[in-house]
Amino acid sequence: MLSITSFYAALVALVFLILSARVILYRNRNRLSLGDEGDRELLKRIRAQGNCAEYAPIGLILLALTEVQGAPALAVHALGLTLLAGRAIHGWGFSRSDIALRPRVLGMVLTLIMIGVSAMGLLLHGLI
């Protein structure tokens, strides 16, 4: 039924919406239309949103596959929480005015751990 994945997909979608709103509001406030128009603050916001759009889908697909394969609910929640935390922390760190490197790195590490662990689990499950 994918109830756990649905829960984390909704939360990750909210993170994406927040990052998207930050881009849209900044564009409106500063009357910027296409691309980043050389505005570094806008570029940071665009990349924070884009990075989420790039990594969240594979994480959610892997989470869904893990849940469908019958992984324990606790494991699925741990993976979902790791993905959610990774995307939220990375987006926050990337979109800060000073581009906080530690949160960005932590967010990427959490995201990549989630992707790696779920991929390995699915591979092992497929071999058994």
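**Close-up views of a predicted helical model**

View 1. Not counting residues up to four places away in sequence, Val12 touches Ala56, Leu60, Leu83 and Leu84 (contact: heavy atoms within 4.5 Å). The model is predicted, so local features need pLDDT of at least 70 and side-chain atom pairs count only at pLDDT 80 or more, while totals for chains, interfaces and linings use all residues. Residues are numbered from 1 along each chain as its sequence is written, and side-chain values use heavy atoms, with hydrogens and water left out. The largest nonpolar core holds 19 residues, of which Val12, Leu63 and Met114 touch the most other members. Such a core is a set of buried Ala, Val, Leu, Ile, Met, Phe, Trp, Tyr and Cys residues joined through side-chain atoms within 4.5 Å; buried means under 20% relative accessible area, exposed over 50% and partly exposed in between (1.4 Å probe, protein chains only). Two or more residues come from each of helix H1 (3–30), helix H2 (40–68), helix H3 (73–95) and helix H4 (101–127), and H2 gives the largest share, 6 residues. Helices are DSSP runs (H or I, at least four residues), numbered from the N terminus.

**View 2. Salt bridges around Glu41.** A salt bridge puts a side-chain nitrogen of Lys or Arg within 4 Å of a carboxyl oxygen of Asp or Glu; the whole structure has 3. Glu41 is bridged to Lys44 at 3.2 Å, N to O, and to Arg45, where the closest N and O atoms are 2.9 Å apart. Lys44 lies about one helical turn from Glu41 because the two are 3 residues apart in helix H2. Arg45 and Glu41, 4 residues apart in helix H2, are likewise separated by about one helical turn. Glu41 is buried at 18% relative accessibility, Arg45 is buried at 12%, and Lys44 is also buried.

**View 3. The salt bridge of Glu54 and Arg47.** The side chains of Glu54 and Arg47 meet at 3.1 Å, N to O. Glu54 is partly exposed at 46% relative accessible area, and Arg47 is partly exposed at 30%. Shared partners join Glu41, Lys44 and Arg45 into one salt-bridge network.

**View 4. Charge over the ring of Phe94.** The charged end of Arg104 sits over the Phe94 ring, 4.3 Å from its centre (criterion: NZ of Lys or CZ of Arg within 6 Å of the ring centre and within 35 degrees of the ring normal).
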